[in-house]
Amino acid sequence: MIDLHTHSIFSDGVLIPAELVRRYESYGYDAVAITDHADQSNIDFIIPRIIRIAEILNSAQSVTVVPGIEITHVPPSLIPDTVKQARDLGAGIVVLHGETIAEPVAPGTNMAGIESGVDILAHPGLITPEEAKLAAENGVYIEITARAGHSLTNGHVAKIAQSAGAGMVLNSDCHEPGNILTEVFARKVVTGAGLPDNSLSAFLSNSRSLIKKAGYTV
């Protein structure tokens, strides 16, 4: 199992990175990305610290830790520069907090992130066919999420992504220990989105591709 969307105490998660990673290791995960929420106020603080703890934990634990970031509620016009800053700071996985119907995300956020080439468009809400088509063309993966509230549109997201030929990944958007997905529950989330049970294998393959792109091996 792989999870490329998690949060620690560097944003609104409840666990320090070491405990977060240890819990994923205890579940038998192959890899986890720490992708705390960021905007221009904290991105330069968070990414270097996640990179450092990833280096330390990768030398001592079996689960591969990928340093990342989730760009969150940044105005669409500022997203391109923020994505570039995240890359320049060394983020291996750049996630964008998409237009979930559970929060007042600014319209245009999905498209700005796709155009900026983020790795994962998280919980994109009522994503449009045009957005999904561009995501497919730009190699941006669309997230199917297990997160309460954000997951309300999983069925719509899966249908639109499939029609456009866009790649998908499954993530927990973990904020606390109870959010970590077992494989059994992960399959339920996938089938609950109206997708075949065997889609989980394809999702994990997509996640491995992102990890490899970031320079890590699983």
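**Entry 1: salt bridges**

I started with Arg52 and Glu55, whose side chains meet in a salt bridge at 3.5 Å, N to O. I take a salt bridge to be a side-chain nitrogen of Lys or Arg within 4 Å of a carboxyl oxygen of Asp or Glu. A note on the source: this is a predicted model, where local features need pLDDT of at least 70, side-chain atom pairs count only at pLDDT 80 or more, and totals for chains, interfaces and linings use all residues. Residues are numbered from 1 along each chain as its sequence is written, and side-chain values use heavy atoms, with hydrogens and water left out.

Arg52 and Glu55 both sit in helix H2 (residues 43-58), three residues apart, about one turn of the helix. Helices (H or I, at least four residues) and strands (E, at least two) are DSSP runs, numbered from the N terminus. I found Glu55 partly exposed, at 48% relative accessible area. My scale is buried under 20% relative accessible area, exposed over 50%, and partly exposed in between (1.4 Å probe, protein chains only).

How many salt bridges does the structure hold? I counted nine.

Next I looked at Lys213 and Asp119, whose closest N and O atoms are 3.2 Å apart in a salt bridge. Lys213 is in helix H8 and Asp119 in the loop between H4 and S6, so this pair ties together parts 94 residues apart in sequence. Arg87 joins Asp119 and Lys213 in a network of salt bridges.

**Entry 2: helix H8**

The buried residues of H8 are Ser199, Leu200, Phe203, Leu204, Asn206, Ser207, Leu210 and Ile211. They cover an arc of only 155 degrees around the axis, which puts them on the same side of H8. That arc is taken from the directions from the helix axis to the C-beta atoms. Lys212 and Lys213 are exposed on the face turned away from the buried side. After H8 comes Gly215, with a positive phi near 95 degrees.

**Entry 3: helix H5 and its surroundings**

In H5 I noted Glu131, Ala132, Leu134 and Ala135 as buried. Their arc is only 165 degrees around the axis, which puts them on the same side of H5. What do these buried residues pack against? They pack against helix H4 (109-116), strand S7 (141-145) and helix H6 (154-164); contact here means heavy atoms within 4.5 Å.

Lys133 makes a salt bridge with Glu137, the closest N and O atoms being 2.5 Å apart. Lys133 and Glu137 are four residues apart in H5, about one helical turn.

Ala136, also found in H5, is partly exposed at 30% relative accessibility. Not counting residues up to four places away in sequence, Ala136 touches Ala164, Gly165 and Ala166.

Over in H6 I found Ala161, buried at 0% relative accessible area. Leaving aside neighbours within four places in sequence, Ala161 contacts Ala132, Ile142, Ala166 and Met168.
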